[in-house]
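Try each task before you read its solution.

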Amino acid sequence: MIILSFTLPLVAIASMLFFTRMNWTSTNFLKRSIPYSIGFFVLYSYLTFAIFSPWEIYVFSGVSMIYLCGLWLIGLVDDVMGDKRTKGLKGHIRKFIQEGTFSTALLKLTGTFMLAYIWISLMVPATVEQWIRYSLILILTPHVMNLFDTRPLRVWKVSLLHVAIFLPYVVVNVPFAYYLFLLSFFFLFYVLDGHAVAMLGDNGATLIGGILAIVTVLYAPILQQYIVIILLILLTVIAERISFSKWIEKHPIMKRVDQWGLSIK
């Protein structure tokens with residue numbers, strides 16, 4: 001695992017160069033064109049950790065890998081081919097009704113539904129209530145994480161806050177090599193995103209949302225899961241009406257928190 005830790009910076013750099021060469025870039029809030037390659041870096045890190053993990057848990061199972069790889073792929077399709085002029089789910093649905101245009105955003109939505117259905121079907125929940133609860137978390141979490149991916153490190157901060165509030169603390173005897181791998185991953189993630197040399201893009205934000213969704217379904221208590229669902233629904237509805245970035249800009253405390261960790265000139 002220590003050797004695999006040294007592959008992380010190589011993959012991070014190689015993916016940046018490949019995405020830039022393929023013109024898979026987007027203009028960030030600083031009006032700079034940068035590659036949305038962090039998502040691939042996150043996917044590589046997850047798959048490597050899952051394959052070589054000493055723990056046989058559902059987070060690292062084959063069906064979880066399929067669900068997450070699928071989310072990353074449909075997110076990448078939306079990044080590369082998506083219509084950036086149409087905003088919000090309502091906008092894409094309205095365009096489909098009025099013009100018959102099935103956008104990549106709707107493809108991402110239906111694809112997330114299908115992937116969530118496959119994941120839940122193989123997990124075999126005992127009741128209809130579990131089906132509904134799991135479905136809402138697995139579908140809405142990737143979408144909401146996507147909504148936050150408009151500034152560097154914002155998805156990372158929201159993810160850490162989610163884990164700190166809603167997931168139980170578990171002490172696990174983790175070998176040093178795995179700690180080194182995780183520390184290397186988080187450091188490189190911070191450098192890439194915090195210095196605005198690359199971005200998550202839809203592919204990365206959706207992927208991180210998927211990882212959070214699986215962990216929440218598997219480990220969060222039922223009450224916390226319902227609180228998460230309520231928050232996800234509220235954020236989805238609010239995002240159709242206001243811009244999170246504009247709201248944060250109007251509130252000094254939130255603006256300061258939003259800028260923590262950034263190293264941008």
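**Exercise 1: two helices in contact**

Lys 108, Thr 112, Phe 113, Ala 116, Tyr 117, Trp 119, Ile 120, Ser 121 and Met 123 of H6 touch Trp 131, Tyr 134, Ser 135, Leu 138, Ile 139 and Asn 146 of H7 (contact: heavy atoms within 4.5 Å; helices: DSSP runs of H or I, at least four residues). The model is predicted: local features need pLDDT of at least 70 and side-chain atom pairs 80 or more, while totals for chains, interfaces and linings use all residues. Numbering starts from 1 along each chain as its sequence is written, and side-chain values use heavy atoms, without hydrogens and water.

Task: find how the axes of H6 and H7 cross.

Solution. Step one: the axes of H6 (residues 104-123) and H7 (residues 128-148) come within 9 Å and cross at roughly 140°.

**Exercise 2: an aromatic pair**

Task: classify the pair formed by the rings of Phe 19 and Tyr 36.

Solution. Step one: the ring centres of Phe 19 and Tyr 36 are 6.1 Å apart (rings pair if their centres lie within 6.5 Å). Step two: their planes stand at 90°, so the pair is edge-to-face (planes over 60 degrees apart). Step three: Phe 19, at 3% relative accessibility, counts as buried (under 20% relative accessible area, 1.4 Å probe, protein chains only). Tyr 36, at 4%, counts as buried too.

Note on methods
Axes are lines fitted to C-alpha atoms, for helices over the stretch in contact, and angles run from 0 to 180 degrees between N-to-C directions. Rings of Phe, Tyr and Trp (its six-membered ring) pair if their centres lie within 6.5 Å; planes under 30 degrees apart count as stacked, over 60 as edge-to-face and the rest as tilted. Buried means under 20% relative accessible area, exposed over 50%, partly exposed in between (1.4 Å probe, protein chains only).
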